[in-house]
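Reader: I'd like to go through a model with you. Please put it up and start with the terms.

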Amino acid sequence: MASALLVGCFGSPAADAVTFLPDDAEVACRAILPQCFRRSDWAELCARDPSVADGHPQACRAAGFESGQPLQGR
């Protein structure tokens with residue numbers, strides 16, 4: 001189980017697609033990578049931290065975040 005979670009966090013280097021944890025997933029890893037977050041949590045991180053949005057623009061767009069978008073409350 002743990003090895004599957006690590007693979008899920010670090011993924012395959014050949015894969016270009018952005019992936020996220022399922023909405024019902026528990027925390028699987030501590031890395032700041034989209035694969036370690038649910039889509040909604042990644043979008044929130046993109047909105048809260050400009051360095052994440054600048055460093056991961058494709059993943060932020062895939063999560064539904066667009067630069068300049070106001071932070072949505074839960």
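Author: A disulfide here is a pair of cysteine sulfur atoms within 2.5 Å. This is a predicted model, in which local features need pLDDT of at least 70, side-chain atom pairs count only at pLDDT 80 or more, and totals for chains, interfaces and linings use all residues. Residues are numbered from 1 along each chain as its sequence is written, and side-chain values use heavy atoms, with hydrogens and water left out.

Reader: How many disulfides does the structure hold?

Author: One. Cys46 and Cys60 form it, with 2.0 Å between their sulfur atoms.

Reader: Is the link of Cys46 and Cys60 left-handed or right-handed?

Author: Left-handed, with -85 degrees about the S-S bond. The pair links distant parts of the chain, 14 residues apart: Cys46 sits in helix 2 (residues 39–48) and Cys60 in helix 4 (residues 57–62).

Reader: Is Cys46 buried or exposed?

Author: Cys46 is buried, as is Cys60. Buried means under 20% relative accessible area, exposed over 50%, and partly exposed in between, with a 1.4 Å probe and protein chains only.

Reader: Switching topic, what is the secondary structure of the protein chain?

Author: Four helices and zero strands, running α-α-α-α from the N terminus. Helices (H or I, at least four residues) and strands (E, at least two) are DSSP runs, numbered from the N terminus.

Reader: And how much of the protein chain is buried?

Author: Buried residues are 27% of its 74 residues.

Reader: What share of the contacts comes from residues 24 or more positions apart?

Author: 27% of the protein chain's contacts (heavy atoms within 4.5 Å) with a separation of 6 or more.
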